[in-house]
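Here is a short briefing on a protein model. Take a look at the sequence and the structure, then work through the points below.

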Amino acid sequence: MSEKYQVSSSPHVRAKDSTSNVMLYVIIALLPAALFGIYNFGYKALILILVTIAACVASEWVFDRIVHRKNSVPDLSAVVTGLLLAMNLPASLPWWEAVIGAVFAIIIVKMMFGGLGQNFMNPALGGRCFLLIAFAADMTNYASSKFEAYSGATPLAMIRNEGLSSVNVMDMLTGKIPGTIGETSVIAILIGAIIMILFGVIDLKIPASYIITFAVFMFIFGAERFNMNYVVAQLCGGGLMLGAFFMATDYVTSPITPKGQIIFGICCGLLTGLFRCFGANAEGVSFAIILSNLLVPIIEKFTVPRAFGVVKVKEAGKNE
Amino acid sequence: MNKYTERLYNGVIKENPTFVLMLGMCPTLAVTSSAINGLGMGLSTLVVLVCSNLLISLFRNIIPNGVRIPAFIVIVASLVTVVQLLMQAYLPALSKSLGVYIPLIVVNCIILGRAESYASKNGPLESVFDGIGMGLGFTMGLTIIGLIREILGAGTFFGLAFLSSIKGYTPATIFIMAPGAFLVLGFLVAGMNIVRKKMEAKGKPLAEPAGCLSGDCANCGMSAGCTGKSQAAGKSE
């Protein structure tokens, strides 16, 4: 009888999720895109993926050892960072450059700021942008696609230089196009996204607001205005899908409040549209997301939800 | 160690303007895209610093306290003009690559800082040595940053092929661009902090970074207008 009245301190309901569980789901969700990348670009892509993951895990382990922190490799976040970074690299990238990107992502972007949960920027994207600035020529060399018809420029660059008629949207959906290892196949990425949504790893707020904002922006301001085909080609091209579902939804670097998540998605969409329409490059997803990452603390500050039962009191003389 | 060598040690190691005092960050970050640029910038600052310390120290009893800052700036600006014209005449390539940062030496806080905190209170010879020490410290800092950025970002060593001669090597261009300056400076300052901790453990503390230069409020020239007197590390810029 007395047992019923014993109340322990909260929390009373616990989820079974742990960091490593969530990371495992993300890895599983990334597999379709990774496998398609290996099929599309051959064994080079497989080697690059393995090298990048190994470099990420090794640098996390070494850093933990040097600063006498608890070994954080078992939470699998370094594996996810490595896999995501590899998804964002062209298969022809020299392996040592990928290692530098992986070390930068883990050591400088993540561990130096305090490890998982403290990083202000998505480590994989930080690593990619570092490589993009450091080794610009190698990072934009997409020549090694299996499908000869499209070797060379990415569809986004072709749309920009030769117009919409030069690309085949069907091929962009299936992924028979040049690009980075993981970004080419929209279908493979969407399979992964559905897996993550079904397992409750992500919800649709960030990706949906990101993609819708981007589509509206492109519809109004794109090179071919008010043309739905152009918008669809822009949606399927480049890293937009990969970025929206796998990178922008990173727990650490996206807002925790529901309203904030929608504002964050809109920021990503606007910036991506701006970069793609008016920037020097045809692609702008990674820079858009890391810039929005930097806005997250401000977004969270202004979207704190009202606590249940608390009425907002207007303070005299204070106009907010 | 007599007071002249003490001044040199102070400028190069103990109060190194780049890594300890964190003064003159603008040229430190902007012109160090190559070792030769860093060296050129450091040496021109050294020349201006030594001459300005000497002149200000000589005139320290004539300059009225109320207009001392304008007087210092006039002296420094004249010296910078001389250096700038000399560089344009004899080192046109370096002058072109340093660009606007040579005239900007006028407002370099190392020079005004040394004028205010040292030369205006000490004799000419000590001030000259203080200028040499600080100038060498600044030159050393800029050259090291420039050298690291050049090796990583262009693969060359003072313009000579170095890493770039290895086959298949691509230099990481980010290091000769703006982000590289922040990365390299950050790592060097972190390294300096390790050295500082070791020195403190040995009982030979280095100066506190970016605090009052002397920490002595009673004898400080800025005391009248200083708002950070109670704080131990009120920044005096």
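A:Asn88 has a relative accessibility of 4%, so this residue counts as buried, the cut-off being under 20%. The model is predicted.

**A buried asparagine**

- A:Asn88 sits in the loop of chain A that runs between α3 (77-87) and α4 (95-110).
- Which residues does A:Asn88 touch, leaving aside its neighbours within four places in sequence? The contacts are A:Leu125, A:Arg128, A:Met139, A:Thr180, A:Leu242 and A:Met247.

**Aromatic pairs**

- A pair of aromatic rings is described by two values: the distance of the centres and the angle of the planes.
- Over all chains, the whole structure holds ten aromatic pairs.
- One of them joins A:Phe104 and A:Phe130.
- A:Phe217 and A:Phe221 make a tilted pair, because their ring centres are 4.9 Å apart and their planes are at 40°.
- Both A:Phe217 and A:Phe221 lie in helix α10 (residues 205-221) of chain A. They are four residues apart, about one turn of the helix.
- Is A:Phe217 buried or exposed? A:Phe217 is buried, with a relative accessible area of 9%.
- A:Phe221 is at 40% relative accessibility and counts as partly exposed, because that value lies between the 20% and 50% cut-offs.
- A:Phe104 and A:Phe130 also belong to one aromatic cluster with B:Phe175.

**Where the chains meet**

- How many residues does the contact take from each chain? Chain B gives eleven residues and chain A gives ten residues.
- Together, chain B and chain A bury about 770 Å². Carbon and sulfur atoms account for 77% of this area.
- Three residues, B:Thr170, B:Ile174 and B:Phe187, supply 50% of the area that chain B buries against chain A. That is more than any other three residues.
- The number of salt bridges between chain B and chain A is zero.
- Three residue pairs are in polar contact across this interface, with both residues at pLDDT 80 or more.
- On the side of chain B that touches chain A, eight residues are nonpolar, three are polar and none is charged.

**Chain B as a whole**

- Chain B has eight helices and two strands.
- What is the pattern along the sequence of chain B? The order is α-α-α-α-α-α-α-β-β-α.
- Chain B has 237 residues, and 42% of them count as buried.
- Take the contacts in chain B with a separation of 6 or more. Of these, 72% are between residues 24 or more positions apart.

**Positive phi angles in a loop of chain A**

- Most residues other than glycine have a negative phi.
- A:His68 has a positive phi, near 55°. A:His68 is placed in the loop between α2 (43-66) and α3 of chain A.
- A:His68 reaches 74% relative accessibility, so A:His68 counts as exposed.
- A:Leu76 also has a positive phi, near 70°. A:Leu76 is found in the loop between α2 and α3 of chain A.
- With a relative accessible area of 22%, A:Leu76 is partly exposed. The value is not under 20%, so A:Leu76 does not count as buried.

- A:Ile191 is in helix α9 (residues 186-198) of chain A.
- The relative accessible area of A:Ile191 is 42%, so A:Ile191 is partly exposed.
- Where does A:Pro32 come in? A:Pro32 is 159 residues from A:Ile191 along the chain, and the C-alpha atoms of the two are separated by 7.1 Å.

Notes
Residues are numbered from 1 along each chain as its sequence is written. Chains are lettered from A and ligands numbered from 1 in the order in which they are written. This is a predicted model: local features need pLDDT of at least 70, side-chain atom pairs count only at pLDDT 80 or more; totals for chains, interfaces and linings use all residues. Side-chain values use heavy atoms; hydrogens and water are left out. Buried means under 20% relative accessible area, exposed over 50%, partly exposed in between (1.4 Å probe, protein chains only). Contact means heavy atoms within 4.5 Å. Buried area is the accessible area (1.4 Å probe) that two parts lose on being put together, summed over both. A salt bridge is a side-chain nitrogen of Lys or Arg within 4 Å of a carboxyl oxygen of Asp or Glu. A polar contact is a pair of N or O atoms within 3.5 Å; within protein, one must be able to donate a hydrogen and the other to accept it, and residues adjacent in sequence count only if both atoms are side-chain atoms. Ala, Val, Leu, Ile, Met, Phe, Trp, Tyr, Cys and Pro count as nonpolar, Asp, Glu, Lys and Arg as charged, and the others, Gly among them, as polar. Rings of Phe, Tyr and Trp (its six-membered ring) pair if their centres lie within 6.5 Å; planes under 30 degrees apart count as stacked, over 60 as edge-to-face and the rest as tilted.
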